[in-house]
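Here are a few exercises to work through with the model open beside you. Try each task before you read its solution.

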Amino acid sequence: MKAVVLAAAAFAALLVAVMLDLPAAAVDLPAAVAANLSHSGVAHPVTAVLLNFRGYDTLLEIGVLLLALLVVLAVSPHAEEPAGAARVSVEPVLQAIARIAVPLMLLAAVYLLWAGAHRPGGAFQAGAVLAAAAVLLHLAGLLPGWHAPKLLLRAGLAGGFLVFLAAAAALLARGALLAYPPAAAGALILVIESALTVSLGLTLAGLFLFLSRDEA
Amino acid sequence: MNTGLAFDLLLAAALLWSAWRALATPDIFRAVILFIVFGLLMTLAWARLDAPDIALAEAAIGAGLTGALLLDAIGVLRGRRQEKP
Amino acid sequence: MTTGLVFAVAGAILFSMGVAGVILLAHLLRRILAFNLMGSGAFLVLVGLAQRAGIADPVPQAMVLTGIVVAVAATALALALARRLHALTGAYTLPEARDD
């Protein structure tokens, strides 16, 4: 055990020593992003990088998230609807708070999605707030745990990835992969981000709710 | 050493301390709580690094959802402790 | 010593703490916790080193945003497997770790 600790400490020391002595970067990425920002369709550089310049990475990331959810569904025990449906203790104060907070969270999620074009925000933050709202509802006892997903939930889970993939395929047919035409880039990004938000919210919520089943 | 740098050093020290305590504490429930604290300190670090998008995502996903997943795994969210440390 | 560099150094130390934790800890949930610490350390290094000159850089920030989501997916996956193991064997440690 001591050997591992010493090795980790030595590794950290070596890394820190190298970090303090790095030369300046060869490529000036912030300047490159700023130069192309006006063609990207959004005004916020991080959103532009995420959805336009490096949109391919985001597409693959949604795919990875969906894969993780599929494996979670495959590994979790196939519980049938439990006889005692209230798995979580019912607390009136928590339910009242949830009833007040969740509509506000939905509003915040829509705002974050819309604001991502101009200021910090975007699909990931909005999806995370949606997932948090779903988890809050579940913990307050207002949303039952999820079991085998039915058609509507499956459509919602896969929808974001499919919309993004369809946009990528359509653009591939026109030329390069995910090269948005500058005139339509803003609208296209908004459509993709909306689908991503719904999908992301459902997937992140599903990672919690499909997992939170009581093992016998 | 100006105020910003002092705050950064303090925040980095708090990050490392909470991470160390989360790994070393014998009680698993305290470890998860310390991990959530670590996640919120990371949110502050992202704010100091001029990365508000990451700060939002870290608070919601890194601290919030991961913390909820871990708390659910140790059983405290169902009102009983399933796992001894 | 800029902000970026301070957090990059902290991230490197966090990463090695996480690696040591994953190797040494026997309890699976603690290992998952240490794995998350590794991830957070790596993200700090990514953004901190890119911003060591003090200028905000959107590309590594977007990469880290992606990384946080992938990390929570990996954590949920690991927890699903750990909980399945717990349901089958009653403990959160691997069988070979229990034998010694």
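This is a predicted model: local features need pLDDT of at least 70, side-chain atom pairs count only at pLDDT 80 or more; totals for chains, interfaces and linings use all residues.

**Exercise 1.** Work out which secondary structure elements make up chain A.

*Solution.* Start by counting: chain A has eight helices and zero strands. Reading from the N terminus, the order is therefore α-α-α-α-α-α-α-α.

**Exercise 2.** Decide whether chain A is a compact globule or more spread out.

*Solution.* First take the radius of gyration, which is 22 Å for chain A. For the overall extent, the C-alpha trace spans about 60 × 60 × 35 Å along its principal axes. As for burial, 35% of the 216 residues count as buried.

**Exercise 3.** Describe how helix 4 and helix 7 of chain A are arranged.

*Solution.* Locate helix 4 at residues 55-75 and helix 7 at residues 151-174 of chain A. Their axes come within 10 Å and cross at roughly 150 degrees. Angles over 145 degrees count as roughly antiparallel, and therefore helix 4 and helix 7 of chain A are roughly antiparallel to each other. The crossing is left-handed. Now look at who makes the contact: helix 4 contributes residues including L59(A), I62(A) and G63(A), while those of helix 7 include G160(A), F161(A) and F164(A). Sorted by class, the contact has ten nonpolar, two polar and no charged residues.

Notes:
Residues are numbered from 1 along each chain as its sequence is written. Chains are lettered from A and ligands numbered from 1 in the order in which they are written. Helices (H or I, at least four residues) and strands (E, at least two) are DSSP runs, numbered from the N terminus. The radius of gyration is taken over C-alpha atoms; the globule rule is 2.2 Å times the number of residues to the power 0.38. A residue is buried if 20 or more other C-beta atoms lie within 10 Å of its own, exposed if 12 or fewer, and partly exposed in between; C-beta atoms are placed from the backbone. Axes are lines fitted to C-alpha atoms, for helices over the stretch in contact, and angles run from 0 to 180 degrees between N-to-C directions. Angles under 35 degrees count as roughly parallel, over 145 as roughly antiparallel, 65 to 115 as roughly perpendicular and the rest as oblique. A crossing is left-handed if the near helix is turned anticlockwise from the far one by less than a right angle, and right-handed if clockwise. Two residues are in contact if their C-beta atoms, placed from the backbone, lie within 7 Å. Ala, Val, Leu, Ile, Met, Phe, Trp, Tyr, Cys and Pro count as nonpolar, Asp, Glu, Lys and Arg as charged, and the others, Gly among them, as polar.
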